[in-house]
Amino acid sequence: MKKLMTIIGVAALLATNLNAAWYDDILGFAQATSEAKQLTFAAYPGYAPDLTLSDGTKAPWGAGVALLYPVLSDYTFVGARLDWLGNEFWAPSLNATVKADVQLFGHNFTPFAFGGTIVPLGGAADDNRTFGAIVGTGIYTTIWQPTANTSLQIFYAFEHWFEPLNTDVHRPGIAFTIKF
């Protein structure tokens, strides 16, 4: 009976506070996110000069892919990535990105900064399945825009992976954006 009264009390409290400011903020965030209607797919080679594999060898080259989606505005993004390095090391990551548009010599360039978490799932020996942090910065520019809703960009990003991995990664690449 005590649990039932608690459930009824919590339900009544929530029902009376549906017009609270926090509820409007959450609803506004969800609506803005659902209106973004844009996806960016990126592919890139990766170079991590200090990455040591589980057998102690260094094999710094690899590749990766990313999928990005804008939230709240065209200047903030969330994304998921998968990085593979040295024929053995691979790790997914989740990122949040902010960007700004800059025009130089009549051409648009977009610097960006990001942070997130990475989890090595193979090739990191005892550090596999251990969460780490990443921060980075980069720049991109559009090189081809065949329609108003599609574009091709080139980019360069530099990032640092903190413990347990503690390495720097360079990522030049290409990205394709579609608006729908």
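These legends walk through several close-up views of one predicted protein model.

**View 1. The whole chain and its confidence.** Residues are numbered from 1 along each chain as its sequence is written. Because this is a predicted model, local features need pLDDT of at least 70 and side-chain atom pairs count only at pLDDT 80 or more, while totals for chains, interfaces and linings use all residues, and side-chain values use heavy atoms, with hydrogens and water left out. The mean pLDDT (the predictor's confidence in each residue, from 0 to 100) is 84, and 79% of the residues reach 70 or more. Helix α1 (residues 2-16) has the lowest confidence, with a mean of 55, whereas strand β8 (residues 150-161) has the highest, at 97.

**View 2. The fold in outline.** Two helices and nine strands make up the secondary structure; here helices (H or I, at least four residues) and strands (E, at least two) are DSSP runs, numbered from the N terminus. Read from the N terminus, the order of elements is α-α-β-β-β-β-β-β-β-β-β. Of the 180 residues, 32% count as buried, where buried means under 20% relative accessible area, exposed over 50%, and partly exposed in between (1.4 Å probe, protein chains only). Among contacts (heavy atoms within 4.5 Å) between residues at least 6 apart in sequence, 49% join residues at least 24 apart. The protein exposes about 10,700 Å², with carbon and sulfur atoms supplying 67% of that area; accessible areas come from the Shrake-Rupley method with a 1.4 Å probe, and for residues only the protein chains shown count as cover.

View 3. A search of the whole structure turns up three salt bridges, each defined as a side-chain nitrogen of Lys or Arg within 4 Å of a carboxyl oxygen of Asp or Glu. Start with Asp83 and Arg81, whose closest N and O atoms are 2.8 Å apart in a salt bridge; both residues are buried. Arg81 also meets Glu159 in a salt bridge, at 2.7 Å from N to O. That pair links distant parts of the chain, with Glu159 in strand β8 and Arg81 in strand β3 (residues 76-85), 78 residues apart. How buried is Glu159 in terms of relative accessibility? Glu159 sits at 0% and so counts as buried, and Arg81, at 6%, counts as buried too. Glu159 forms a salt bridge with Arg171 as well, the closest N and O atoms being 2.8 Å apart. Since Arg171 lies in strand β9 (residues 167-179) and Glu159 in strand β8, this pair ties together parts that are twelve residues apart in sequence. Shared partners join Arg81, Asp83, Glu159 and Arg171 into one network.

**View 4. Lys99, a buried charge without a salt bridge.** Lys99 belongs to strand β4 (residues 89-99). Which side chain of opposite charge is nearest to Lys99? It is Asp101, 4.1 Å away, and Lys99 is buried yet has no salt bridge; for this count Lys and Arg are positive and Asp and Glu negative, with His and the chain ends not counted. The side chain of Lys99 does make a polar contact of 3.1 Å with that of Tyr140. A polar contact is a pair of N or O atoms within 3.5 Å; within protein, one must be able to donate a hydrogen and the other to accept it, and residues adjacent in sequence count only if both atoms are side-chain atoms. Not counting residues up to four places away in sequence, Lys99 touches Asp74, Tyr75, Phe77, Thr110, Pro111, Phe112 and Tyr140.

**View 5. Thr40 and its surroundings.** Thr40 lies in strand β1 (residues 38-47) and, at 8% relative accessibility, counts as buried. Its side chain joins that of Thr177 through a polar contact of 2.9 Å. With neighbours within four places in sequence left aside, the residues in contact with Thr40 include Ala66, Leu68, Gln153 and Phe176.

View 6. Pro70, in strand β2 (residues 61-70), is buried, with a relative accessible area of 1%. Its C-alpha atom is separated by 9.0 Å from that of Thr97, 27 residues apart along the chain. In the loop between β2 and β3 you will find Leu72, a residue other than glycine with a positive phi, near 70°; Leu72 is exposed, at 53% relative accessible area. Asn87, in the loop between β3 and β4, has a positive phi near 60° and is exposed, at 66%.
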